[in-house]
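Let's take a quick tour of some strands and how they pair up. Keep the model open while you read.

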Amino acid sequence: MLKMKKPVSVLPYGRQSIDNDDVAFVVRTLKSPFLTQGPAVEAFEHALCAYTGAKYCVAVANGTAALHLAVASLGLKKGSSGVTSPITFLASANALVYNGIKPLFADVDAKTANMSPEALQCVIKKDTRLIIPVHFAGCPAEMKRIDAIARRRKCYVIEDAAHAIGSSYPDGGRVGNCAYSDMTIFSFHPVKMITTGEGGAIMTNDKKFYDRLRSLRSHGVIRDPRVMKKNPGPWYYEMRELGFNYRLTDMQAALGLSQLKKINQFIARRQQIVSRYNAAFRQRSWIRSVSIDDKSHAYHLYVIRIDFRKLKISRKNFMGRLARSGVGTQVHYIPVYRHPFYSRNFKVSYAWFSQAEKYYEECLSLPLFPGLKDSDVKRVISAVLQCGQDIL
Ligand SMILES: Cc1ncc(COP(=O)(O)O)c(C=O)c1O
């Protein structure tokens, strides 16, 4: 009989870590009177405030909803413009478009792939009212400089920290404390640092934004008798503006609370894996790591850069070789302006983005998540080095 070769299981680039405590937390909520709009959501919001140092938190259905609402709460004039990074997931720019704001892109820094403050200065226009820097891969953007530019140009700042819960700024403050911004958003998608399945949150220190975000999250409704136009009875509520149902459920919030208790442990493991990758790849001139060793970095992604043209192999073939050795990889990200929707509606010249273009040509994300075993890390390292040896 023909013996079939067992297929190699492929390590993904990211994956959640769920243990029995997480399951118990969720089950307890499932058995409670509240599946949504209950105490777990508020407890999760308080825990996120305590963890980051921000005053207020509004938990929502996902990171995209967080961005959508954060921009909406500013009440910007339709047709004004906002600047974000091209090396990000689509949601950072889509949040501008949902709100009728024209998206502009600032080229990225050659080392970190974060928004370059110099490029930002050049891109900002008279009608620019908002800047959305992205803490790519978990590495904080240069917030001090971006904040200074924003103040000079009278722009709001919303930090897209979908990758960066647990990272710190150079001054030691935690990302999410909004020391350099009006609002900061997180995502709790399963590949992120902690997960709620789908989920997100907006952090702010401004009560005015907090109140509006809470209302927008739930259809634009308010229930506070001190603010309502009238108050005929306890059943009464008012819809003041067009909002959404972007609520997080209590089951999700319970999972988030349980996950947040383990965040330091998750990050410590991510840092350990990054140090091992860096030590193994440091000697190879054909690999450059975007993730330098840094204890203030929570490391959502581990990205390497390879000059595939110089190596005379396509990235597709390189990825295929790694996949056959059981190593899954991904490209983070296709520059946003290259997507058909953006090139059709918001035309740019690729020549304006020399660093983003070069980065996109060379980047490749390797597996990085707390559940990677030491033997998996070794497998990734030897598969990558073997690929190089075969090619060079
Ligand atoms: C930088 C960035 N911003 C926003 C989002 C959107 O988050 P979500 O998937 O929770 O909607 C993501 C998700 O991958 C992201 O990577």
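Start with Val83, whose bridge partner in β4 is Ile131. This is a predicted model, where local features need pLDDT of at least 70, side-chain atom pairs count only at pLDDT 80 or more, and totals for chains, interfaces and linings use all residues. Residues are numbered from 1 along each chain as its sequence is written.

**β2 and its partners**
- Strand β2 (residues 81-84) and strand β4 (residues 128-132) pair in the parallel sense over four bridges; two strands pair if DSSP finds at least two bridges between them.
- Strands (E, at least two residues) and helices (H or I, at least four) are DSSP runs, numbered from the N terminus.
- β2 also runs parallel to strand β3 (residues 102-105), with four bridges joining them.
- Ser81 has Lys102 as its bridge partner in β3.
- To get from β2 to β3, the chain goes through helix α4 (residues 91-98), and this β-α-β crossover is right-handed (with the strands pointing away from the viewer, the path from the first strand over the helix to the second runs clockwise).

**Which way β2 residues point**
- Ser81 and Val83 point one way, Gly82 and Thr84 the other, and all are buried (20 or more other C-beta atoms lie within 10 Å of a residue's own, with C-beta atoms placed from the backbone).
- In a regular strand, side chains alternate between the two faces of the sheet.

**An open sheet**
- Three strands in the order β10-β11-β12 form an open sheet with antiparallel pairing.
- β10 (288-289) and β12 (363-366) each have a single partner strand, so one side of each is left without a neighbour in the sheet.
- Two bridges link β10 with strand β11 (residues 302-305), and Ser289 stands opposite Ile304 in β11.

Methods
Buried ≥ 20, exposed ≤ 12 C-beta atoms within 10 Å, placed from the backbone.
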